[in-house]
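Let's look at this model together, one question at a time. Take a moment with the sequence and the 3D view first.

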Amino acid sequence: MVDKRSRRSFLATLGSYSALLGADIVFGKFLPTGLVPVALADEGFSIPDKDPGLLILNDRPVNAECPPHLLDDTVTPASRLFVRNNGIPPSNVDPENWQLEIDGEAVATARVFTLQQLKTQFETVSYQLTIECGGNGRAEFDPPARGNQWTTGAVGCPRWTGIRLADVLNACGVKDNAQYIGYYGADTHLSGNPDKVVISRGVPMSKAMEAESMIAWALNDEDLPVMNGYPLRMVMGGWPASVSGKWLRRISIRDRIHDGPKMGGYSYRVPCESVAPGADVPEQDMCIIESMPVKSLVTFPKSGLVHRADKSLALRGHAWAGDFSVKAVDVSIDFGQTWQTANLSKPANRLAWQHWKTQIEFPRSGYYEVWARATDSEGRAQPMVLPGWNPRGYLNNACHRIAVKAIST
Ligand SMILES: Nc1nc2c(c(=O)[nH]1)N[C@H]1C(S)=C(S)[C@@H](COP(=O)(O)O)O[C@H]1N2
Ligand SMILES: [Mo]
């Protein structure tokens with residue numbers, strides 16, 4: 001018997017297959033789950049519940065980013081939230097029997113909660129929170145950095161619903177020696193070894209105890225998509241998304257900086273002091289990434305637009321700044337010689353991205369680039385070109401550029 005959830009995702013998949021094929025799949029209800037119609041199989045792989053417009057960077061593990069023009073919504077639709085898997089997501093998740101364990105050296109009383117208990121014993125909260133992979137923008141690094149070659153689309157800002165991590169930690173009791181929390185998920189290591197942890201990262205207690213630090217089960221009022229952590233995940237807005245543990249099974253309250261896989265070495269760490277491109281950086285000179293830097297996207301129009309030179313063009317997008325807010329967004333069409341200030345909205349709540357819009361006029365027909373540059377509440381602006389090179393290619397917050405051709409008719 002298929003449960004409601006997998007039935008629903010099956011129907012969603014069937015719907016997207018039909019859309020891709022441009023035709024109704026007449027006997028679709030008999031299509032075995034997981035079998036990709038051969039007409040599409042030839043074109044490669046597609047991700048369940050995801051917009052076919054996502055750019056797939058890898059299919060094992062699944063990694064896919066969203067092109068900027070598909071991130072135009074103020075609240076990111078589930079189908080357009082990027083996917084960054086380090087291992088293989090759990091299959092056949094049974095939400096009725098899902099449990100979350102809280103343990104660690106610094107927990108007063110280790111406890112286990114069922115998903116149902118989490119949903120009923122704590123106050124439900126919803127926040128729109130920006131998550132961005134620490135490696136978003138890696139493709140531009142020179143010398144190149146290995147790993148997924150993300151361009152601009154490993155970011156999104158959906159509305160999450162769940163409970164406060166702090167409430168759950170407090171229900172167990174946090175001892176004075178608590179320093180960090182670390183998560184464990186139910187995904188499997190690519191090697192297939194069930195004892196090998198895929199990734200286990202975390203945040204200092206100060207971030208864990210913030211009002212917006214969540215354990216979430218819903219995204220835009222629906223169950224989390226399978227690829228984004230169904231049935232339960234952490235969401236830590238503004239920090240590298242690698243701290244937002246998916247398929248959440250266990251949280252340890254640690255008496256030290258969490259030391260799970262991908263906390264040390266060169267993972268999600270950058271040189272504490274800036275280094276020359278290509279430098280060999282000793283491990284002990286690497287520091288853990290915390291709040292993400294200020295950044296923005298132009299989500300309309302799509303790069304490559306052809307527009308009438310005598311008509312103004314409306315532009316829009318989003319801007320975000322880790323733990324901070326965005327103070328201003330400016331746009332330039334003359335390669336940064338002059339800037340025009342865009343209209344910037346307030347965030348839906350702390351740690352949500354902000355929307356900007358403006359109109360530009362073209363002095364004459366020809367090729368233009370539109371550049372957008374955001375400045376955070378501390379006065380730090382996005383660099384025009386690639387910022388601090390680092391061995392694994394994290395934190396590229398250079399300005400987003402799009403091409404527009406203005407033509408006379
Ligand atoms: N259990 C688990 N949690 C995880 C990961 C993972 O591979 N396994 N990937 C992390 C990384 S590196 C990122 S960028 C985000 C991506 O979240 P998303 O796939 O929902 O966009 O999940 C994080 N949480
Ligand atoms: Mo990531």
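This is a predicted model: local features need pLDDT of at least 70, side-chain atom pairs count only at pLDDT 80 or more; totals for chains, interfaces and linings use all residues.

Tutor: Residues are numbered from 1 along each chain as its sequence is written, and side-chain values use heavy atoms, with hydrogens and water left out.

Student: How far is the polar side-chain atom of K246 from an oxygen atom of ligand 1?

Tutor: Happy to walk through the polar contacts, meaning pairs of N or O atoms within 3.5 Å. A polar backbone atom of S244 sits 3.0 Å from a nitrogen atom of ligand 1, and a backbone N or O atom of F82 is 2.7 Å from a ligand oxygen. For the K246 side chain and a ligand oxygen, the distance is 2.5 Å.

Student: How much of the accessible area of ligand 1 does the protein cover?

Tutor: Accessible areas come from the Shrake-Rupley method with a 1.4 Å probe. On its own, ligand 1 has 530 Å² of such area.

Student: Is D49, with its positive phi, buried or exposed?

Tutor: Most residues other than glycine have a negative phi. D49 is not a glycine, yet its phi is about 70°. Buried means under 20% relative accessible area, exposed over 50%, and partly exposed in between (1.4 Å probe, protein chains only). At 18% relative accessibility, D49 is therefore buried.

Methods: Chains are lettered from A and ligands numbered from 1 in the order in which they are written. A polar contact is a pair of N or O atoms within 3.5 Å; within protein, one must be able to donate a hydrogen and the other to accept it, and residues adjacent in sequence count only if both atoms are side-chain atoms.
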